[in-house]
Amino acid sequence: MADIDWSRWTPVDRATLVFVLSGDDILLIEKKRGLGGGKVNGPGGKVDPGESVEQCAIRECKEELGIDVSELEQLGEHRFQFVDGYSIHCWVFRTSKWGGEPVETDEAVPLWRRTDAIPYERMWEDDHIWLPLILEGKAFTADWIFEDDTMLDHRLTLLAQAPGAPTE
Ligand SMILES: CNc1ncnc2c1ncn2[C@@H]1O[C@H](COP(=O)(O)OP(=O)(O)OP(=O)(O)O)[C@@H](O)[C@H]1O
């Protein structure tokens, strides 16, 4: 963390991640392409110009899985810095309200898993550190440094309430 001034940090991209919870189950995706292609993650993607993070979360769930999510709870905030210069500010939501049946699309394959059997070995290296907090409904902000797929450093802070909307 030493050589990054997080107070002046501005991301190249903003993005979202959404976790749909249903009883003991969580809805994940096998991402087919783009950043993290081949990995398991939640549905999500880059925020379009003029769009709020919540609007992005709803749109990405529709595009990637064909479902309509609502009552999104914004719980987490990630600042991912890659050593090649790329960076992404990611907003994490959870919900137990959705409509429709998840279907495979050009971007993703739906994957229901029990929350006690999340396939962390197929996910980004950071996920096992913070996804348990999302399951518990705990709010957090976290900073991460990655070199390609390898996590070099991180700092995670639990919050008393959800992180606010992006300011940049
Ligand atoms: C480094 N450690 C990481 N750990 C967990 N999740 C990570 C992540 N790094 C990126 N992510 C997520 O991966 C998605 C990529 O999004 P993104 O680049 O938009 O890909 P996508 O192919 O959908 O692009 P388009 O929006 O279609 O352009 C997006 O949800 C983003 O938050």
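Biologist: What is the order of the elements in the protein chain, counted from the N terminus on?

Modeller: In this predicted model, the protein chain runs β-β-β-α-β-β-β-β-β-α-β-β from the N terminus on. That gives two helices and 10 strands.

Biologist: What makes the protein chain as compact as a globular protein of that length?

Modeller: Its radius of gyration is 15 Å, and the globule rule gives 15 Å for 168 residues, so the protein chain is as compact as a globular protein of that length. Along the principal axes, the C-alpha trace spans about 45 × 30 × 30 Å.

Biologist: And how many of the 168 residues count as buried?

Modeller: The share is 29%. As for contacts between residues at least 6 apart in sequence, 66% of them join residues at least 24 apart.

Biologist: Why does D148 count as exposed?

Modeller: D148 has 7 C-beta neighbours inside 10 Å, and exposed takes 12 or fewer, so D148 counts as exposed. D148 is found in the loop between β9 and β10, and it too is a residue other than glycine with a positive phi, of about 55°.

Biologist: How do you know that β9 and β10 pair?

Modeller: Pairing takes at least two bridges between the strands. Strand β9 (residues 139–147) and strand β10 (residues 150–159) share nine bridges, in the antiparallel sense.

Biologist: Now to S87. Why is S87 called partly exposed rather than buried?

Modeller: Buried takes 20 or more other C-beta atoms within 10 Å, and exposed takes 12 or fewer. S87 has 19, so S87 is partly exposed. S87 lies in strand β6.

Biologist: Which residues is S87 in contact with, leaving aside its neighbours within four places in sequence?

Modeller: Those are P11, V12, F80, Q81 and F82. A142 is 55 residues away from S87 along the chain, and their C-alpha atoms are separated by 13 Å.

Biologist: Let's turn to the ligand. Which residues are the closest to the ligand?

Modeller: The closest are G34, G44, G45, K46 and W124, among 18 residues that surround the ligand. The shell divides into eight nonpolar, six polar and four charged residues.

Biologist: Which element gives the most to that shell?

Modeller: That is β1, with three residues. Both β1 (13–22) and β6 (87–95) supply at least two residues each.

Biologist: Finally, where does UniProt place the feature "domain: Nudix hydrolase"?

Modeller: The UniProt record, an unreviewed entry, places that feature at residues 11–138. Over residues 11–138 the chain is 18% helix and 40% strand, with the end C-alpha atoms 24 Å apart.

Terms used
Residues numbered from 1 in each chain as written. Predicted model: local features only at pLDDT ≥ 70, side-chain atom pairs only at ≥ 80, totals over all residues. Near = placed C-beta within 6 Å. Helix = DSSP H or I, 4+ residues; strand = E, 2+ residues; numbered from the N terminus. Nonpolar A, V, L, I, M, F, W, Y, C, P; charged D, E, K, R; others polar. Rg over C-alpha atoms; globule rule 2.2 N^0.38 Å. Contact = placed C-beta atoms within 7 Å. UniProt positions renumbered as here; feature names shortened; annotations may be inferred.
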